[in-house]
Amino acid sequence: MRKRLRIALVTIGILAIPIIVAPTIASAATSAPKAAPQAAAPKAGPSAAQLLARASRGCTVVSKGKYKTDEDASKATVSICKAGKAFVWKADMDIDCDGVRTSKCNEKTDCCFQNQTSFETSKGRPFQADSTHYFVIPLPSSRFSYKSNGIKPGSVAAVIFNNKVVYAVFADEGPNSIIGEASYATAKALGINPDPSNGGVDSGVTYIVFPGQVPSPVENNSAIDAKGSAAANAWLKS
């Protein structure tokens, strides 16, 4: 897949402040100490079939015009629709390798590499594309503005391909007329070739974004999975 044109991006921080709760110490007079209760395991997220069925039910087009999937595409074919509180589009997947420079993502592996992402992690650094599951939304335009639609930096999405679901966060912006892009790590988790020079897939990827549902820490895949599963389960009931 041809790599789309990348653009210079402005960095905006996402802050996550951990809260430390001091443990309760039992009295010495207490008999045998009770075992600490185990935290409940996060509820599993919906299947790809369940998410796609919900996405197709009453999804109203909200973008004012369509997007191209690549810079050299002959036609703009992708619209953004809204189903319940989620925003949905079906497109291709180009590989975003921007952010922290690694052996997989750098100027040699990616002709358009940038050592930054639009938004930052909880540690005030760019995201790492070959580690964190993240996806891309086009820059705001008259066609569609994620800002005007309540999609915050770090909002979680379900990304679906070939009957598999991976949860990812909004960490980078793309050209305002092109849609369909996610990080090296997201592609790899979906079974898509993650190579930034020749990877990606031409079609068949569904992105379902849950506005305002931001995990903490935003760069942690386990936190992303937990927040995404919870948001997806709630959305199915809407």
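The charged end of Arg-143 sits over the ring of Tyr-67, 5.0 Å from the ring centre; for this label, NZ of Lys or CZ of Arg has to be within 6 Å of the ring centre and within 35 degrees of the ring normal. The model is a predicted one, so to speak of local features takes a pLDDT of at least 70 and side-chain atom pairs count only at pLDDT 80 or more, while totals for chains, interfaces and linings use all residues. Residues are numbered from 1 along each chain as its sequence is written, and side-chain values use heavy atoms, with hydrogens and water left out.

Aromatic pairs come next. The whole structure holds seven of them, counting rings of Phe, Tyr and Trp (its six-membered ring) whose centres lie within 6.5 Å, with planes under 30 degrees apart called stacked, over 60 edge-to-face and the rest tilted. Phe-87 and Phe-144 make an edge-to-face pair, since their ring centres are 5.6 Å apart and their planes stand at 65°. Phe-87 belongs to strand β3 and Phe-144 to the loop between β4 (134-138) and β5, so the pair ties together parts 57 residues apart in sequence; helices (H or I, at least four residues) and strands (E, at least two) are DSSP runs, numbered from the N terminus. Phe-87 is buried at a relative accessible area of 1%, and Phe-144 is buried at 4%, where buried means under 20% relative accessible area, exposed over 50% and partly exposed in between (1.4 Å probe, protein chains only). Trp-89 and Tyr-207, by contrast, are stacked, at 5.6 Å centre to centre and 20° between the planes. With Trp-89 in strand β3 and Tyr-207 in strand β8, this pair ties together parts 118 residues apart in sequence. Trp-89 is buried at 2%, as is Tyr-207 at 0%.

Trp-89 also turns up in the largest nonpolar core, which has 56 residues; Trp-89, Met-93, Phe-135, Ile-208 and Phe-210 touch the most other members. Such a core is a set of buried Ala, Val, Leu, Ile, Met, Phe, Trp, Tyr and Cys residues joined through side-chain atoms within 4.5 Å. Phe-135 is in an aromatic cluster too, together with Phe-119, Tyr-146 and Phe-170.

What about strand β5 (residues 156-161)? Six of its six residues are buried, so β5 is largely enclosed by the rest of the structure. Val-156, Ala-158 and Ile-160 cover one side, and Ala-157, Val-159 and Phe-161 the other. β5 runs antiparallel to strand β6 (residues 164-174) over six bridges, and Ala-157 has Ala-168 as its bridge partner in β6. On pairing, DSSP must find at least two bridges between the strands. Five bridges join β5 to strand β8 (residues 201-210), again antiparallel, with Val-159 bridged to Tyr-207.

As for the cysteines, there are two disulfides, each a pair of sulfur atoms within 2.5 Å. In one, the sulfurs of Cys-59 and Cys-81 are 1.8 Å apart, and the S-S torsion is about 80°, so this disulfide is right-handed. Cys-59 is partly exposed at 23%, whereas Cys-81 is buried at 12%. The other joins Cys-97 to Cys-105, S to S 1.9 Å; its torsion is about -65°, so it is left-handed. Both Cys-97 and Cys-105 are buried. Cys-111 is in no disulfide, and the nearest cysteine sulfur, that of Cys-112, is 3.1 Å away, too far for a bond.
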